[in-house]
Amino acid sequence: MHRCAPRTLLLDMDGVLYQGDRLLPGAAGFLAAIAHLSHLFVTNNPIRTPQEVADHIAQLGLPRPDPDRILTSAQATADWLARAKPGFRYFAVGAAGLHRELERVGTPDAQAADFVVVGEGPGLDYEQLTIGVNLILTHGARLVATNPDSTVDAVRDGQHLILPGGGALVAPFAVATGVTPTVIGKPEPLLYQMAMRRLACNAGECLMVGDRPDTDIAGAARLGMWTALVRSGRFAPGAPWPDALPRPDLDLDCLADLIAALRARWPGWL
Ligand SMILES: [Mg+2]
């Protein structure tokens, strides 16, 4: 795909703007620098609603973004299901944020669901797994996951904690049924495609800023987006690039360095 200079920005948040409850260096300056540009915050995290994400950003001392500028994997999942089957029935396992998004466009139905939807957060137990497996194997329901992350970082009582991610939570359903789930979040294209629809742009006009080579960068590069890695989250400064993954167009330690790099590469844009 031909790439002109980028005109829109997609920004991951965890590991880019903040890490749990800690604001990352350069976040405030970066948001001020891009305020006048077309941009959207995109996250694989289906747990918080866009309003809750906006509140979290405000609590960290940043200007509260318009929730319409925030796209979560739970929203993208609900949107994809509504397009795949308008008026769909579903059985969902995951946090409240996922259930709220699905309720807007579908109907919960543990007896005759069209889709078994698995997201991050509490909710999975033996009974839920049993219901989901039977819906898939005996009623032909499709298995859908909000995001493929094996683990996600969290802070609990001030301590760093690793939580099972969407990929880990959908795995028992996949193993029990032998079915490969449809995955909505990064690095799969569906979340990115919804982001581009919202911004009315094509991939070659987008710059994706993220902290994870395997999801943020790999997924965006595959679609033909410009990519910028900030090594302020999962991937540390100096860590060797994984051979199997496409290299980002820009590779920097933090957002403060990214502003300078963008101004040098595309003068007049920021
Ligand atoms: Mg991240």
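The axes of helix α1 (residues 27-34) and helix α9 (residues 255-265) approach within 8 Å and cross at roughly 35 degrees; axes are lines fitted to C-alpha atoms, for helices over the stretch in contact, and angles run from 0 to 180 degrees between N-to-C directions. Helices (H or I, at least four residues) and strands (E, at least two) are DSSP runs numbered from the N terminus. On the α1 side the contact is formed by Ala27, Gly29, Phe30 and Ala33, and on the α9 side by Leu255, Ala256, Leu258 and Ile259, two residues being in contact if their C-beta atoms, placed from the backbone, lie within 7 Å. By class, seven of these residues are nonpolar, one is polar and none is charged; Ala, Val, Leu, Ile, Met, Phe, Trp, Tyr, Cys and Pro count as nonpolar, Asp, Glu, Lys and Arg as charged, and the others, Gly among them, as polar.

The model is predicted, local features needing pLDDT of at least 70 and side-chain atom pairs counting only at pLDDT 80 or more, while totals for chains, interfaces and linings use all residues. Residues are numbered from 1 along each chain as its sequence is written.

The protein chain contains nine helices and 15 strands. Its radius of gyration, taken over C-alpha atoms, is 19 Å, close to the 18 Å that the globule rule gives for 270 residues, so the chain is as compact as a globular protein of that length. The globule rule is 2.2 Å times the number of residues to the power 0.38. The C-alpha trace spans about 60 × 45 × 40 Å along its principal axes.

Six strands form an open sheet in the order β5-β4-β1-β13-β14-β15, with parallel pairing; two strands pair if DSSP finds at least two bridges between them. Strands β5 (70-72) and β15 (250-252) are the edge strands, each pairing on one side only. From one strand to the next the twist averages 20 degrees. Helix α7 (residues 189-199) packs on the sheet, where it touches β1, β4, β5 and β13 (206-210), and its direction makes about 155 degrees with that of β4. Strands β1 (residues 8-11) and β4 (residues 38-43) run parallel and are joined by four bridges, with histidine 39 of β4 as the bridge partner of leucine 9.

Four bridges also join β13 to β14, again in parallel, and leucine 207 has tryptophan 226 of β14 as its bridge partner. Strand β14 (residues 226-230) is largely enclosed by the rest of the structure, because five of its five residues are buried. Trp226, Ala228 and Val230 point one way from β14, and Thr227 and Leu229 the other way.

Valine 16 lies in the loop between β1 and β2 (18-19) and counts as buried because it has 27 C-beta neighbours inside 10 Å. Its contacts beyond four places in sequence include Leu11, Leu24, Val230 and Leu255. Val209 is also one of these contacts; the C-alpha atoms of valine 16 and valine 209 are separated by 7.9 Å, although the residues are 193 apart along the chain.

The domain assignment, automatic or from a database, gives domain 1 (8-14 + 36-44 + 188-265) and domain 2 (74-183). Their C-alpha centres lie 26 Å apart. Six residues of domain 1 are in contact with six residues of domain 2. Helix α7 supplies three residues, the largest share of the side of domain 1 that touches domain 2.

Note on methods. A residue is buried if 20 or more other C-beta atoms lie within 10 Å of its own, exposed if 12 or fewer, and partly exposed in between; C-beta atoms are placed from the backbone.
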